[in-house]
Amino acid sequence: MKIRETLPMALEAIRANKLRSVLTLVGIVAGVASIIAVMTGISVIQSTMESELSVLGTQTFQVQKWPAGNFGPGNRDWRKIQARPAVTVEDAVAIREKVKSVDLVGAELWRFGAQAGYKGEKTEPNLWVVGGDGQYAPNNTHLVGLGRNLSDEDVRVLRRVAVVGYAVADRLFPFIDPIGQEIKVDGHKYAVVGVFEEKKSATGGNFDNY
């Protein structure tokens, strides 16, 4: 049967079954749109993860007292590990000064489960508290969006200052400038000198609660 003969029959079938034809067309369009949306989402997630993990290159390494794997009492070398000296800020300074091939050396100490408060308003007790120096931000691609970063002088004179995450600032200071305000963390007071940029993570890390 020739095309000129089948085309009128096809058009007539579409006219006779308008609802079915419309539903079929909508289904096709929705299916194609879903595939495009999924592929776009995967591409965005892949790009974000590559960007986040790029900081952990082949020339990035950590020096710490505790091993990354099993370091509980069940480890047969537990006593040897426990006897290791703690890594100090002075160690980081020595690496920074003596190893000329490094770009950034950050000293960090992490703890989870803290709560911050300001004039009766409190966050949930799920904050990460990171003790660090001025190189924490570039080392972790966690940049300051408001105010300033920590400085070497802050560390040297033991100044009680803090850079807070975007969500922390939004919770405690919804209507005022957080810079210069004093927050309380675990009973200790800290002056807010900066606020990190909002940072969403494809790997699930909540960087805004730091």
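## Helices, strands and the model

Helices (H or I, at least four residues) and strands (E, at least two) are DSSP runs, numbered from the N terminus. On that basis, the secondary structure of this protein comes to seven helices and eight strands. The structure is a predicted model, in which local features need pLDDT of at least 70 and side-chain atom pairs count only at pLDDT 80 or more, while totals for chains, interfaces and linings use all residues. Residues are numbered from 1 along each chain as its sequence is written, and side-chain values use heavy atoms, with hydrogens and water left out.

## The protein as a whole

Of the 210 residues, 21% count as buried, where buried means under 20% relative accessible area, exposed means over 50%, and partly exposed lies in between (1.4 Å probe, protein chains only). The accessible surface, computed by the Shrake-Rupley method with a 1.4 Å probe, with only the protein chains shown counting as cover for residues, comes to about 15,100 Å², of which 59% belongs to carbon and sulfur atoms. Contact means heavy atoms within 4.5 Å, and among contacts between residues at least 6 apart in sequence, 58% join residues at least 24 apart.

## Two nonpolar cores

A nonpolar core is a set of buried Ala, Val, Leu, Ile, Met, Phe, Trp, Tyr and Cys residues joined through side-chain atoms within 4.5 Å. The largest one here has 13 residues, and those with the most contacts inside it are Val164, Leu172, Phe173 and Ile183. Two or more residues are given to this core by each of strand E2 (116–118), helix H7 (166–172), strand E7 (182–185) and strand E8 (188–196), and the largest share, three residues, comes from H7.

Leaving aside its neighbours within four places in sequence, Phe173 is in contact with Tyr118, Pro178, Gln181, Ile183 and Val192. Apart from this core lies another, of eight residues, among them Tyr136, Ala137, Val163 and Phe207.

## A surface patch and a buried aspartate

Ile35, Val38, Met39 and Ile42 make a nonpolar surface patch of about 400 Å². Within this group, Val38 has its place in helix H2 (residues 18–53) and is partly exposed, with a relative accessible area of 49%.

Asp154, by contrast, lies in helix H6 (residues 152–156) and counts as buried, at 4% relative accessibility. A polar atom of the Asp154 side chain lies 2.9 Å from the backbone nitrogen of Ser151. Leaving aside neighbours within four places in sequence, Asp154 is in contact with Arg148, Asn149, Arg159 and Val161.

Key. Patch = residues over 30% accessible without salt bridge, like charges linked within 9 Å, V, L, I, M, F, W, Y side chains within 5 Å. Salt bridge = Lys/Arg side-chain N within 4 Å of Asp/Glu carboxyl O. Polar contact = N/O pair within 3.5 Å; in protein donor to acceptor, adjacent residues only side chain to side chain.
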